[in-house]
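This report covers the overall dimensions, the nonpolar cores and one set of paired strands. The sequence and the structure come first.

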Amino acid sequence: MRQVFQKSYLSKELCVEEVPAPVLEGTGVLVRNAASLISPGTERATVAFARKGLLAKVRSQPERVQLLLRKMKQIGVVETVQLARRKLENPIPMGYSTAGVVLEASPHMPSIRAGDRVACAGAKYANHAEMVYIPKNLCVPLPDALSFEEGAFVAPGAIALHGVRLAEIGLGENILVIGLGLIGQLAAQLVSAQGATAIGIDLDEHRLNLAKELGMPHTFHRHDAGLQAKISELTGGRGVDAVLVAAATPSHDPVYLAGELCRERGKVVIVGDVGMQVPRSVYYHKELSVIVSRSYGPGRYDTDYELMGRDYPAGYVRWAERDNMAAFLKLAADGKIRLKPLIEKRFPVEDAVQAYDLLANPELHPQPLGMILTYPQPAEAAKAPHKLELARQASPLSERIGLSVIGAGNFLTGTLLPLLKAQSAFGLRGMISHSGLSAKNAGVQGGFAFCATDINEALIDSLTHIVLIATRHDSHADLLCRALAAGKHVFVEKPLATNREELTRVINATQQASGCQVMVGFNRRFAPLSLTLKKHLDANASARPLTIHYRVLAGHIPEDSWVHQHGGRIVGEVCHFIDWCQFITGEQPVEVGAQAIGKGANQDIAIQLRFSNGSVAHIEYLMRIDPATAATLGKERITVISSGLLAEMDDFKVLKVTQGGKTAIIKPSGPSNAWKGHAGEIQAFITALQSGKPAISFSELALTTETTFAILDALRTRTLVRIAEPE
């Protein structure tokens, strides 16, 4: 299928290319688009940013620059630049408002079925593409009275409607709309539908005339002489009751103007992306309320609502995101909102580049408002293929180990993919991702034979011997079991499982898949300095038991991040440090105690592990530390003490070993991207496949995972917990 995307933030190129079609996921629908709307605000900004020079990009993102400077202190200049560049090199899917026909619907959506006409919203989902996957709460039925082109206005319509709701407009009130772009035109009509008088201000005569055509009785150019006096006369000297700022400009002028024209104790609702320097004097003396409208309404950016399909009780949240989408379309179907006059340009999807050239042309007057992309509609609602062939591989796969990857996130593309490409032992077969665009981008970047959105394409591929799983944590166990059932070796990024039920399934699947190896991405034990330290300890048989102090400056992650779900950061990351301690001691953990300091998801966790030979590890996993302080220190600092030996390791970059009153300072050789053990773990896995002996025994992998569950038990019960070896 064809999809429109900006090649990257470092490229000025906008593309329309073939990518694998999406597959139906949990609680959503698969839609064949008939029309999609190009947003003249959001998408113009994306294209304009991509077309800026590097220095101009930096100047326009001061907050991000500060983040990068802090990151440089933490991980170094070279790695920070590489990290930033990788993010800027990712392709950007365009579009967030579409309409089309449902091809397939999840059983969790009984109100929408295959063949239904729907309107869809949401960046990363309702894209300019022939087919899209849309989660349940980002999709609503399209009324029969509306065309697909009108339905494609659903996202900006919901944005405008939410802004109007926040203004709490009453019958007979005077409402000022500053900025008569697409959102402003829709907001003005919604104001009128609410029984209030809409007054519009803009810099563009074409937009002012269009607003008049759509029924706005009073429109003014921003630089009209006596503007304030005219507004005062219209409102009986009081000023407007509320202002909807729908402009898109870095200037603070719209906010200044809103304060001047609003009555005392009125409301200013910021809907557009404008400068937000609020002049205190006028806002203070009038006691104005300022509200920033967040997109489509309650539910936006809430993962549980948007992706999991969990709705809010209507008694508490009457007008959530999906409700606003449906209400806007009903108003349009009832004739309260006119959309057809807003459609000024139409382009078939293959001509999308021409449309964006118009959008990004600052010399074009008037600038088009509503631009629609249209999509061919086959006689039958056939699905597009989920797999796309990419490249023929140079050397015979019979001489190499065929590897397919599931998941194309930043860690995979930035850390693992360069290492996989460098390994001549691997023949890179399939790159699989739920996003066809991500799958193709990573597939081309890595030199894979094909890319796909359907996981089964890797499982049925006879030339794939290994499946590497680099998806979100909650999917690991299921994908691992499916891969083992298909007779594949598995390399899965941590964690192995997120709960005991999943772990039991994984253990059973491993026992049934004889001859298939399982490896978890516990890279730290393969770091050069870890191996060096292990040699020092093994050379002194009397060095055991050990005392280990492992301090991790993990830092704060937003409370609503998916990282805090499914066992959170203990299951998802602390497993790394448990595995390292298991490796260094050479023994099994048998008992654990844990305490939490702080509240919420970002607590500091103090863990004490006792091992079978009497060794003890203290792991301090610190999430509350502020970024500025953390940036001046290494993330991980380890001290190992035994009789006659003291070792200190700083972020796997420096190891100090003190014995007999002498201290040796050891630094790793080779490239810095190998210091934390990622290259070593891949080489160890290759060796394991060739020798038939696992790089890490499965019993160790399972025990590390069980230990993370025991830590959660210890936190909940506030007692010491015995660690049972999984069976």
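Leaving aside neighbours within four places in sequence, which residues is leucine 468 in contact with?

## Contacts of leucine 468

Leucine 468 is in contact with Leu403, Ser404, Val405, Ile406, Leu412, Leu416, Leu420 and Phe491, once neighbours within four places in sequence are left aside. Contact here means heavy atoms within 4.5 Å.

## Basis of the model

This is a predicted model, in which local features need pLDDT of at least 70 and side-chain atom pairs count only at pLDDT 80 or more, while totals for chains, interfaces and linings use all residues. Residues are numbered from 1 along each chain as its sequence is written, and side-chain values use heavy atoms, with hydrogens and water left out.

## Overall form

The protein chain has 24 helices and 32 strands; these are DSSP runs, with helices (H or I) of at least four residues and strands (E) of at least two, numbered from the N terminus. Its radius of gyration, taken over C-alpha atoms, is 29 Å, close to the 27 Å that the globule rule gives for 727 residues, so the chain is as compact as a globular protein of that length. The rule is 2.2 Å times the number of residues to the power 0.38. Along the principal axes the C-alpha trace spans about 95 × 65 × 50 Å.

Of the 727 residues, 52% count as buried, that is, under 20% relative accessible area with a 1.4 Å probe and protein chains only. Among contacts between residues at least 6 apart in sequence, 69% join residues at least 24 apart.

## Nonpolar cores

A nonpolar core is a set of buried Ala, Val, Leu, Ile, Met, Phe, Trp, Tyr and Cys residues joined through side-chain atoms within 4.5 Å. The largest one holds 61 residues, of which Phe426, Leu468, Leu480 and Leu496 touch the most other members. Helix α18 (residues 476-485) contributes the most to this core, with six residues. A second, separate core has 54 residues, among them Ala160, Ile175, Leu214 and Ile372.

Threonine 705 lies in helix α24 (residues 698-717). Threonine 705 counts as buried because its relative accessibility is 3%. Not counting residues up to four places away in sequence, threonine 705 touches Leu496, Ala497 and Leu503.

## Strand β25 and its partners

Strands pair if DSSP finds at least two bridges between them. Strand β25 (residues 589-597) pairs with strand β26 (residues 604-611) in the antiparallel sense over eight bridges, and proline 589 has phenylalanine 611 in β26 as its bridge partner. The hairpin of β25 and β26 has six residues between the strands, and glycine 598 takes a positive phi near 105° there.

Strand β25 is also joined by two bridges to strand β32 (residues 721-722), in an antiparallel arrangement. Glutamate 591 stands opposite arginine 722 in β32.

Notes. Buried means under 20% relative accessible area, exposed over 50%, partly exposed in between (1.4 Å probe, protein chains only).
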